[in-house]
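Student: I have a sequence and a structure to look at. Could we go through them by question and answer?

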Amino acid sequence: QVQLQESGPGLVKPSQTLSLTCTVSGGSITTNNYFGSWIRQPPGKGLEWMGVITYDGSTSYSPSLKSRTSISRDTSKNQFSLQLTSLTPEDTAVYYCAISVVPGTVNYWGQGTQVTVSS
């Protein structure tokens, strides 16, 4: 069974950079057709897809966040990470990592981690 666990700070200040890591167990992130995504949900709003890193290391980002988002991976640790720069309070959200093995479907979710942007 594939399991995902997000880790990172719960409180960050405006203008700072958020760094989150997703540790994957029960499956390798380099497995063919594994796609690792970051998804967030601001309070009172719906889910927002932020970006994805594929099993071969390619990345793609939401157009609205592309200028501030970077996703990378450490295959030796079976982790993929998110960096989001120039934070504002509007970036306050629960951040989830997820893995898809079927196009258009999220097959595995992390439990989510609350991130609050506040001075």
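The questions below go through the sheet, the disulfide, the core and the cavity.

Tutor: This is a predicted model, in which local features need pLDDT of at least 70 and side-chain atom pairs count only at pLDDT 80 or more, while totals for chains, interfaces and linings use all residues. Residues are numbered from 1 along each chain as its sequence is written, and side-chain values use heavy atoms, with hydrogens and water left out.

Student: In what order do the 4 strands of the open sheet stand?

Tutor: Strands are DSSP runs of E, at least two residues long, numbered from the N terminus. Two strands pair if DSSP finds at least two bridges between them. The edge strands, β1 (3–7) and β7 (69–74), each pair on one side only. The pairing is antiparallel, and the order is β1-β3-β8-β7.

Student: Which residues form the disulfide?

Tutor: A disulfide is a pair of cysteine sulfur atoms within 2.5 Å. A search of the whole structure finds 1. Here the sulfur atoms are 2.1 Å apart, and the residues are C22 and C97.

Student: How many residues apart are C22 and C97?

Tutor: Both C22 and C97 are buried, that is, under 20% relative accessible area (1.4 Å probe, protein chains only). C22 is in strand β3 and C97 in strand β9, so the disulfide, as a pair of sulfur atoms within 2.5 Å, links distant parts of the chain. The separation is 75 residues.

Student: How many residues does the largest nonpolar core have?

Tutor: A nonpolar core is a set of buried Ala, Val, Leu, Ile, Met, Phe, Trp, Tyr and Cys residues joined through side-chain atoms within 4.5 Å. In the largest one, L18, V24, W38, F80 and Y95 have the most contacts inside it. Strands that each supply at least two of its residues include β3 (18–25) and β9 (93–100).

Student: How much space lies in the largest cavity?

Tutor: A cavity is a set of points, on a 1 Å grid over the protein atoms alone, where a 1.4 Å probe fits but cannot get out; lining residues have an atom within 4 Å of a point. The volume is the space filled by probe spheres set on the points, which are joined across faces, edges and corners. The structure holds 1 cavity of 30 Å³ or more, and residues lining the largest include I29, Y34 and F80. The space in it is about 60 Å³.

Key. Buried means under 20% relative accessible area, exposed over 50%, partly exposed in between (1.4 Å probe, protein chains only). On a 1 Å grid over the protein atoms alone, a cavity is a set of points where a 1.4 Å probe fits but cannot get out, and a pocket is an open set with protein on both sides within 12 Å along at least five of seven lines; lining residues have an atom within 4 Å of a point.
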